[in-house]
Amino acid sequence: MQWDIIFIGGGMACAGALRAASLGMRVVVVDKQGLGGTSLHAGCLPARTLWHGARLFRLVGEADDYGILAPGTILNLDRLHRKRLALRDHWQGLLRERLETAGVSVLQGTGSLESADSVIVRMADGQTRTEHARHIVIATGSRPRRPAELVPDGQTFITSDELLELRILPERVCIVGGGSLGCEAASFFSALGCGVTVLEKEERLLPELDADLAAGLGAAFRESNIAVHHGTTARDTRRTAEGVDIALAGASSATITADLVLLATGRTPVTSRLGLERLHVATDEVGCIKVDESFATSVPGIYAVGDVVGAPMLASTAALQACRLVERIARVGGDERSLPDLQLMQIDCTPGIATVGMAEADALARYGGDAVDVSRMGQARDRLKLVRVNGRLVGAHAVGEPVTRIPAYAAAIAYENGQAGFDDRLLWASGLDALSAVMNI
């Protein structure tokens with residue numbers, strides 16, 4: 001049998017598989033580790049589950065001030081992890097059911113390119129089979145970046161993968177990296193009573209997002225006694241009887257001591273052992289697959305979406321790109337009906353952060369100061385910021401509790417830019433929980 005599309009990778013690009021099936025295409029997804037990808041197994045869902053547990057623990061600790069007595073409250077990490085795994089299995093089952101109902105086939109195994117129209121699948125049971133398709137989409141996601149100067153050992157030096165399996169709380173944590181993951185982890189450990197230090201090589205937290213978000217979060221971190229060293233990296237580490245001594249370099253040259261070091265230094269694409277070299281699929285210096293505006297690679301018939309093509313490495317981005325690619329393959333809609341390129345992100349920390357669209361600095365750089373208008377509401381720790389260009393809303397950024405208003409602003413941005421009227425596809429652009437959009441619930 002020849003498929004219309006083979007998806008290598010069963011993460012949030014499954015949104016594209018569902019869209020293709022709805023257009024009458026024969027679709028198969030080759031999935032290695034379990035449907036849902038990073039979002040279900042090592043990203044959004046597990047991180048939010050752990051953070052919700054930590055937040056409840058912190059709130060219980062503060063309840064005494066309001067006359068609610070809960071003496072001797074403890075956090076059972078094993079039970080928290082059981083909750084995480086139960087939620088993962090639940091959502092994975094729903095996703096599998098959704099794919100089956102739509103007529104999408106799923107093969108559990110590892111896929112690699114044999115030719116421009118065929119994929120070798122090494123099944124979980126050890127057998128090998130070859131599948132043929134008119135179009136092949138690579139959507140194998142990403143994994144934590146492992147910096148050469150700080151090699152993770154899975155115990156004292158860990159990545160986000162090992163963080164999700166943590167069973168013993170450290171007294172002191174050093175987090176290398178002040179991006180979204182580093183800030184989420186800082187709030188998580190602080191809520192559980194750990195001492196936290198964050199090292200960020202740039203001059204502010206969340207350097208990839210709007211500056212006002214970093215200002216609000218920085219103020220909250222100071223109130224929570226989370227130490228942040230800007231413009232600073234870890235120069236050297238040395239194990240001692242008390243823990244790990246970390247010599248800092250940059251704006252701060254102090255030495256700090258920690259029991260655990262979390263390497264929150266970003267993610268890198270999973271593109272090895274895919275057969276890219278054999279078919280001469282072009283990649284860049286860090287391994288990201290090079291694609292054009294239609295997500296086509298250097299080899300006709302082979303495409304790539306999601307984390308493997310580079311930043312932003314977000315679940316909603318992978319879903320959006322996969323749907324757009326499928327519609328271009330099927331010649332549905334055309335560019336004039338394509339969804340806008342909205343970078344959406346929700347960061348589960350204290351205070352919470354949500355952002356969609358263009359940052360103020362990006363708008364100024366692209367359109368100039370005369371065209372850009374910015375409005376701010378609230379204070380640093382509880383602020384909504386709207387960015388308009390020539391009167392049109394192009395960005396919305398919120399810091400505070402709650403920040404669930406952002407999906408509505410995503411819809412407003414799409415509407416004001418003439419992108420309304422594409423039914424449930426707006427969910428791909430406005431859903432901060434991309435999985436809910438995939439499940440159509």
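How many bridges pair strand β19 with strand β20, and in which sense? The two strands pair in the antiparallel sense over 8 bridges. This is a predicted model: local features need pLDDT of at least 70, side-chain atom pairs count only at pLDDT 80 or more, and totals for chains, interfaces and linings use all residues. Residues are numbered from 1 along each chain as its sequence is written, and side-chain values use heavy atoms, with hydrogens and water left out.

**Terms**
- Strands are DSSP runs of E with at least two residues, numbered from the N terminus.
- Two strands count as paired if DSSP finds at least two bridges between them.

**Strands β19, β20 and β21**
- Strand β19 covers residues 372–379, and strand β20 covers residues 382–389.
- Ser375 has Leu386 in β20 as its bridge partner.
- β20 also pairs with strand β21 (residues 392–399), antiparallel, over 7 bridges.
- Val389 has its bridge partner in β21, namely Arg392.
- A hairpin is formed by β20 and β21, with 2 residues between them.
- In that turn, Asn390 has a positive phi of about 50°.

**The sheet β11-β12-β13**
- Here 3 strands form an open sheet in the order β11-β12-β13, with antiparallel pairing.
- At the edges lie β11 (232–240) and β13 (255–258), each pairing on one side only.
- Neighbouring strands of this sheet are turned by 30° against each other on average, direction ignored; axes are lines fitted to C-alpha atoms, and angles run from 0 to 180 degrees between N-to-C directions.
- β11 is joined to strand β12 (residues 243–250) by 8 bridges.
- Thr233 has Ala249 in β12 as its bridge partner.

Note on methods:
Helix = DSSP H or I, 4+ residues; strand = E, 2+ residues; numbered from the N terminus.
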